[in-house]
Amino acid sequence: MDTRPQLSTETLINELQSFGARFVDPKAGHESRRGGAGPSDHKALTIDGMTVMVPVHTAPAFESPYLVEKPDEAGNSRISRDGRVIGEVSFPLRPRFYERSTEDGIPYSQIAVLHGRDVLATTVLQTCIRYQSRTKTCQFCAIGQSLAAGRTIAHKTPAQLAEVAKAAVELDGVKHMVMTTGTPKGDDRGAAVLAESARAIKAAVDIPIQAQCEPPEDDIWFSRMKEAGVDALGMHLEVVTAAIRARIMPGKAQVGIEKYMASFKAAVTVFGRGQVSTYILAGLGDTREAILDICEKLVAIGVYPFVVPFVPISGTPLESHPAPKPEFMHSILGPLSKLLVESGLKAVDIKAGCGKCGACSALSTYERMLTK
């Protein structure tokens, strides 16, 4: 039986990330995530060798045309669309490091979690000066939800992060690590705590690390993070049109796009072309033209623009905002992937981080199809 998807892989991923999926067995694979920073309300699926994050707890997912059957003992399952089987998927299994706890009784999974198939991810500070005020908070952010629910802790210490990273590499073969943070008070905007954490992790285990924060006021922090062991850097625009930024992320928008672009240039001189990236959430109002225009400018600097579909997260002000249509994502990711490949900025060459993982967007799949 030919079990390859009857849709192209990139089309299937686009549709799954827009529509979400229903599951016969919601407990299949390892735990889905609710709330928190980064991808949330998702479950990891592997399709045609690509592990992707598929929305499962969002409003569109409850009515999705996609249904994933209960997996067999090996974690393999079939996926159907409107009752027609279109291929096979598999579930990354629950990581073994989730079974462990620190000496003071904190489960490792409250310190760092598995993203995709082989990425360890953590939010070092689960609090943010933007999130604490309704007039400043990013309307798509759920960083405080997992903390309020007791699924994580407010501040992961360098020692805790080093302990968990070492176990994740040794027990589960984790290949790289993402460290993000809520923005604290201070002009470093989180760079200091990320550098401190990276130094401890690298002393314990050899794992590539991406750090993610807002642009620090002083560019010296890029060298400090690099010297501490950070291999790649993410500074996330999320929205690229000034008026939409001011409405959706009023606090973060106070750090203007001009500052981001200047910081990108400074960071590329430290980390190298392709090792600095930015997250862009498609579907929040930016036009296709606006996204592709800034992507061209970013690529010219040497920054990898990781464009992902917006996913509405329950409990946030934008929980009822629609996800972008698959056709809209295709209209961006098609030309963007061509630009990236022609410019020599490819996901596979990033040392660590969201762009390398690629699970929250079909972008790296488009790149792979161009380079086959």
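## Confidence

Residues 1-5 keep a pLDDT under 50, and the model gives them seven contacts beyond four places in sequence. Where pLDDT is low, the predicted coordinates should not be read in detail. This is a predicted model. The protein's average pLDDT is 89, and 92% of the residues score at least 70.

## The seven-stranded sheet

Seven strands form an open sheet with mixed pairing. Their order is β7-β8-β9-β10-β11-β12-β13. The edges belong to β7 (113-115) and β13 (303-309). Each has a single partner strand, so one side of each lacks a neighbour in the sheet. From one strand to the next, the twist averages 30°.

Within this sheet, β9 (residues 176-180) and β10 (residues 209-212) run parallel and are joined by three bridges. Met177 stands opposite Ile209 of β10. Helix α5 (residues 191-204) lies across β9 and β10, at about 155° to β9. Helix α8 (residues 257-271) also packs on the sheet. Helix α8 touches β11, β12 (276-282) and β13, and its direction makes about 135° with that of β12.

## The β2-β3 hairpin

Strands β2 and β3 (residues 50-55) pair in the antiparallel sense, over six bridges. Thr46 stands opposite Thr51 in β3. Two residues lie between the strands of this hairpin, and Asp48 takes a positive phi near 50°.

In a regular strand the side chains alternate between the two faces of the sheet. Both faces of β2 are covered. His42, Ala44 and Thr46 are buried on one side; Lys43, Leu45 and Ile47 are buried on the other. Six of the six residues of β2 (residues 42-47) are buried, so the strand is largely enclosed by the rest of the structure.

## A buried histidine

His236 sits in the loop between β11 (232-234) and α7 (242-248). His236 has a relative accessible area of 11%. Buried means under 20%, so His236 counts as buried. Leaving out residues up to four places away in sequence, His236 touches Gln212, Cys213, Lys252, Tyr260, Ser277, Thr278 and Tyr279.

## A helix pair

Two packed helices are described by the angle between their axes and the distance between the axes. For α9 (residues 288-301) and α10 (residues 326-343), the angle is about 15° and the axes are 10 Å apart. The two helices are therefore roughly parallel to each other. Their crossing is right-handed.

On the α9 side, the contact is made by Arg288, Ile291, Leu292, Cys295, Glu296 and Val299. Helix α10 contributes Phe328, Ser331, Ile332, Pro335, Leu336, Leu339, Leu340 and Ser343.

How values were computed
Residues are numbered from 1 along each chain as its sequence is written. This is a predicted model: local features need pLDDT of at least 70, side-chain atom pairs count only at pLDDT 80 or more; totals for chains, interfaces and linings use all residues. Side-chain values use heavy atoms; hydrogens and water are left out. Buried means under 20% relative accessible area, exposed over 50%, partly exposed in between (1.4 Å probe, protein chains only). Helices (H or I, at least four residues) and strands (E, at least two) are DSSP runs, numbered from the N terminus. Two strands pair if DSSP finds at least two bridges between them. Contact means heavy atoms within 4.5 Å. pLDDT is the predictor's confidence in each residue, from 0 to 100. Axes are lines fitted to C-alpha atoms, for helices over the stretch in contact, and angles run from 0 to 180 degrees between N-to-C directions. Angles under 35 degrees count as roughly parallel, over 145 as roughly antiparallel, 65 to 115 as roughly perpendicular and the rest as oblique. A crossing is left-handed if the near helix is turned anticlockwise from the far one by less than a right angle, and right-handed if clockwise.
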